[in-house]
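User: Please take me through this chain, setting each label against the cut-off behind it.

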Amino acid sequence: MPILTVLLSTPPDTTVSAKVASTLSRLTAAILHKKPELTSIVISHVDPAHWFVGGPSLTAQGKTSFFLDIRITDETNTADEKADYIEAVFKEIGAVLGDLHHGSYVHVHDVRGAAYGFGGLTQTHRAVAARLQATR
């Protein structure tokens, strides 16, 4: 049930957005074991002339960049899974965007289940209900 918010240093392009969304959905399922049907991805594009890393804009550096902010329920993934995910995202989004600046970031938020949910229910509520159902 994660939600991913992505900033890309590219002009708006539905083809690039679709490739990035597909890549992130696949990696999120394969590495973090999240259900694709519950994964939401929001993509925004920022003009590289307005994205600065180390001083100069990305336009001046001839580079691209991205920022991925993903929220997952706390204690549902190991540190190794998150490290593998960050590495794979950097590599595969770089292949989509090309000439990626090393100052591109992935932030994995481990969110408490009582403070996070979808469809009007928290993740804690869902976990308790699933345990109760399993004991019946």
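Analyst: Leu24, Phe66, Leu68, Tyr85 and Val89 touch the most other members of the largest nonpolar core, which has 21 residues. At least two residues of this core come from each of β1 (3–8), α1 (14–32), β3 (66–73), α3 (79–97) and β4 (105–111), and α1 gives the most, with 6 residues. This is a predicted model, in which local features need pLDDT of at least 70 and side-chain atom pairs count only at pLDDT 80 or more, whereas totals for chains, interfaces and linings use all residues. Residues are numbered from 1 along each chain as its sequence is written, and side-chain values use heavy atoms, with hydrogens and water left out.

User: What makes a set of residues a nonpolar core, and what does buried mean here?

Analyst: A nonpolar core is a set of buried Ala, Val, Leu, Ile, Met, Phe, Trp, Tyr and Cys residues joined through side-chain atoms within 4.5 Å. Buried means under 20% relative accessible area, exposed means over 50%, and partly exposed lies in between, with a 1.4 Å probe and protein chains only. In soluble globular proteins, nonpolar side chains tend to be buried together.

User: Which residues does Val89 touch?

Analyst: Leaving aside residues up to four places away in sequence, Val89 touches Leu24, Leu27, Phe66, Leu68, Gly94 and Val106, where contact means heavy atoms within 4.5 Å.

User: How do the spans of α1 and α3 compare with the expected values?

Analyst: The helices are DSSP runs of H or I with at least four residues, strands are runs of E with at least two, and both are numbered from the N terminus. The expected span of a helix is 1.5 Å times one less than its number of residues. With 19 residues, α1 reaches 26 Å from its first C-alpha to its last, close to the 27 Å expected, and α3, with 19 residues, reaches 27 Å, close to the 27 Å expected.

User: Against which elements do the buried residues of α1 and of α3 pack?

Analyst: The buried residues of α1, among them Val16, Val20, Leu24 and Ile31, pack against β1, β2 (40–45), β3 and α3. Those of α3, including Tyr85, Ala88, Val89 and Ile93, pack against β1, α1, β3 and β4.

User: What caps the N-terminal end of α1?

Analyst: Asp13 caps that end, with a side-chain oxygen 2.8 Å from the backbone nitrogen of Thr15. A polar contact is a pair of N or O atoms within 3.5 Å; within protein, one must be able to donate a hydrogen and the other to accept it, and residues adjacent in sequence count only if both atoms are side-chain atoms.

User: Why is the pair of Phe66 and Phe90 called tilted?

Analyst: The structure holds 1 aromatic pair. Phe66 and Phe90 lie 6.4 Å centre to centre with 50° between the planes; rings of Phe, Tyr and Trp (its six-membered ring) pair if their centres lie within 6.5 Å, and planes under 30 degrees apart count as stacked, over 60 as edge-to-face and the rest as tilted, so this pair is tilted. The pair links distant parts of the chain, with Phe66 in strand β3 and Phe90 in helix α3, 24 residues apart.

User: How do you know whether Phe66, Phe90 and Gln123 are buried, partly exposed or exposed?

Analyst: Phe66 has a relative accessible area of 1% and is therefore buried, whereas Phe90, at 32%, counts as partly exposed. Gln123, found in helix α4 (residues 123–135), has a relative accessibility of 17% and so counts as buried.

User: What makes His33 and Glu75 stand out in their phi values?

Analyst: Most residues other than glycine have a negative phi. His33 has a positive phi near 65° and is not glycine, and Glu75 has a positive phi of about 70° although it is not a glycine. His33 is found in the loop between α1 and β2 and, with a relative accessible area of 51%, is exposed. Glu75 is found in the loop between β3 and α3 and, with a relative accessible area of 73%, is exposed.

User: How many helices and strands does the chain have, and what share of its residues is buried?

Analyst: The chain has 4 helices and 6 strands, and buried residues make up 38% of its 136 residues.
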